[in-house]
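The sequence and structure come first, and the description follows.

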Amino acid sequence: MRPAPAARHVWTASLAAATSVFGVRTSAAQTTATVDIGVSTVRYDGFLPSAAGSLTPALTWERPGAVVTARGTYLRFESGRRSLQGLMAASLFTPPSLLPHRWRGELSLSTGGSNYADFASFWHATGEARLHYVGAGRGAWIGGTGGRTSYGSAPRPVAVAGVGVWARRAQVTLAASATRSFVGDTAYSDVGATIHASRGRFEVDGSLAARLSSHGAGHGVYGEASTTFTLGERTALLISGGRYPTDPVSGSVAGRYLSAGLRLRTPLLRPRPIRDPPLPSRSPANGDGGGSADVTARLEVKPAPDGTVRLVVYAPAAATVELAGDFTDWQPVALQPTSEGAWESVQHIPVGVHRVNVRIDGGRWTAPAGTTRTTDEFGGEVGIVAVP
Amino acid sequence: MRPTCTRAALPLLVAMVVAGRATAQQPDSRLERLDAATRPTVVALVDSARTAMLPTEPLVQRALEGATKRASGDAIVAAVRRLAADLGHARDALGSTASPAELTAGAAALRAGASQATLAQLRHARREPLTVPLAVLADLVASGVPVDSAAAAVLGLAARARDADLVEFRRAVERDIALGAPPAAATAAAATAAEVWVNAGARQQRPGRP
């Protein structure tokens, strides 16, 4: 279930070294956590069908150019037996300045293990290097993987070579890849394609693959599909199913399944934003009253399908909130309180760049958070927003 | 003889009509919010812009902004004059077919530090309206991204990216800057991250697979 100590040390050292080489800065990272609770019906090749309940917590840490994911799965079969799986994977990209334009390097590390009913256990630790060519909405990669895997016996070497291409248009991403894998004396080739699409609250993933030229890893055509329907900010429904091949690296056995579940997502865990510094002192040319000058408001611009734009200002401590911009002829517009701390107004705002200021309790005109602040040529500041 | 006279008189006639329409244009009533000493100068600047076929609404709005903020007349006139010049430079770079929204966004980008060459490159690279790319460019620079880095990122994305993609790219940069990333690094990383949709770790996530 868990990597051997030596493997863990190698992985940890590799991650630390890669973190240093790739220049990852933890200060810009953000973390999300999810828990999937589901039920499945599964039939592993050579076994009878079985129902199972599953619990899958996952933690993702990401920043530009780096993603680390840790996930585990607890499965309880109708027979009463249980299975535990754990995986940690990281992808680190080279900085854009390191390689020629449009080329990026990637180092991926993966380690994990699984255990079934106290008598079958696997672990693996692998590293992969990829070279990406990134065009406009399309790309290609070539990569190689090395590492070790064990099925309760002496570890076996893992070597994989692969190439892939991908293309993205609007909300759809298509990818295709071909790999040749060697795990001890087992060898096999996989070719396949994946699609990812999203629209509104729906996300759909699909894959179709074939295993060829296999010695000890089975043959066949495989396919999986899953859809995610977002219910709210922190909840989503998951439905997935399909057939997948044996994976000699991670130790999973070929099977077919149908699953349904609920995903719970934690709020975004990240450091407190530092974007909004204290507002500058009041300028004689910039205000016309006293009021709560130190209250900081936050503006959200929400275009609606009917062409109007809903302007929402969050100012919990305010008694009055006014807004003026080049879409109001710079006439102050009083916002209406809607919910706790939120004030809003609906305006007709044409597409383009607009300047806006907010005034709290008759104080000075300020550039609200949520806009790009810049000096306004009149001794104060103004917020810039783009309405697409 | 008569055709020659006609050819000579035609441009003069057109010029008189255009000039007549310009002088016949009533001052924008919204400018009455300016004080009596400032208003004539601003009206003259607006009329000059109209004659030069530049959009006048941004100039009126800039003057009204100054009035709302109780700026001095000199500050208002200077701001309007500078914006009119920026709009002219933006049109030089973007071409005479540029829309008022594009010119306004272009003027903001120039004021932020982008070069006319960058604007011209954007026009060449993208068939769709440039309003959002120019807005993103100006926005990035205002956020502290060096103008060269911002221009390179927007130029790299502008050819194929939709407006919504550019807005999302801008949000990613904003988020990372807010989280402490250096603006230039955040821009470069987001520009690339927006393109690298397939990574080695992605295939290891199969939701629901038992």
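What share of the contacts in chain B with a separation of 6 or more is accounted for by residues 24 or more positions apart? Such residues account for 62% of those contacts, where two residues are in contact if their C-beta atoms, placed from the backbone, lie within 7 Å.

## Basis of the model

This is a predicted model, in which local features need pLDDT of at least 70 and side-chain atom pairs count only at pLDDT 80 or more, while totals for chains, interfaces and linings use all residues. Residues are numbered from 1 along each chain as its sequence is written, and chains are lettered from A and ligands numbered from 1 in the order in which they are written.

## Overall make-up of chain B

Chain B contains 10 helices and zero strands, with helices (H or I, at least four residues) and strands (E, at least two) taken as DSSP runs numbered from the N terminus. Along the sequence the pattern is therefore written α-α-α-α-α-α-α-α-α-α. Of the 210 residues in chain B, 50% are buried; a residue is buried if 20 or more other C-beta atoms lie within 10 Å of its own, exposed if 12 or fewer, and partly exposed in between.

## Packing of H3(B) against H4(B)

Helix H3 (residues 57-68) of chain B and H4(B) have axes that come within 9 Å and cross at roughly 155 degrees, the axes being lines fitted to C-alpha atoms, for helices over the stretch in contact, with angles running from 0 to 180 degrees between N-to-C directions. That angle makes H3(B) roughly antiparallel to H4(B), given that angles under 35 degrees count as roughly parallel, over 145 as roughly antiparallel, 65 to 115 as roughly perpendicular and the rest as oblique. The residues in contact include B:Arg62, B:Ala63 and B:Gly66 of H3(B) and B:Ile76, B:Ala79 and B:Val80 of H4(B). By class, this contact has 11 nonpolar, one polar and one charged residues, with Ala, Val, Leu, Ile, Met, Phe, Trp, Tyr, Cys and Pro counted as nonpolar, Asp, Glu, Lys and Arg as charged, and the others, Gly among them, as polar.

B:Ala79, which lies in helix H4 of chain B, counts as buried because it has 20 C-beta neighbours inside 10 Å. Its C-alpha atom is separated by 8.5 Å from that of B:Gly66, 13 residues apart along the chain. Neighbours within four places aside, B:Ala79 is in contact with B:Arg62 and B:Gly66, and also with A:Glu377 and A:Phe378 of chain A.

## Packing of H4(B) against H6(B)

Helix H4 (residues 73-94) of chain B packs against helix H6 (residues 116-125) of chain B at an angle of about 45 degrees, with axes 8 Å apart, and H4(B) is therefore oblique to H6(B). The contact involves residues including B:His89, B:Ala93 and B:Leu94 of H4(B) and B:Leu119 and B:Arg123 of H6(B); it comprises five nonpolar, two polar and two charged residues.

B:Ala125, found in helix H6 of chain B, is partly exposed, with 17 other C-beta atoms within 10 Å. Beyond four places in sequence, B:Ala125 is in contact with B:Leu155, B:Ala158 and B:Ala159.

## Nonpolar cores

A nonpolar core is a set of buried Ala, Val, Leu, Ile, Met, Phe, Trp, Tyr and Cys residues joined through C-beta atoms within 7 Å. Of the 83 residues in the largest such core, A:Val313, B:Val80, B:Ala109, B:Leu137 and B:Ala138 touch the most other members, and H4(B) gives the most to this core, with 10 residues. A second, separate core of 11 residues includes A:Ala66 and A:Leu87.
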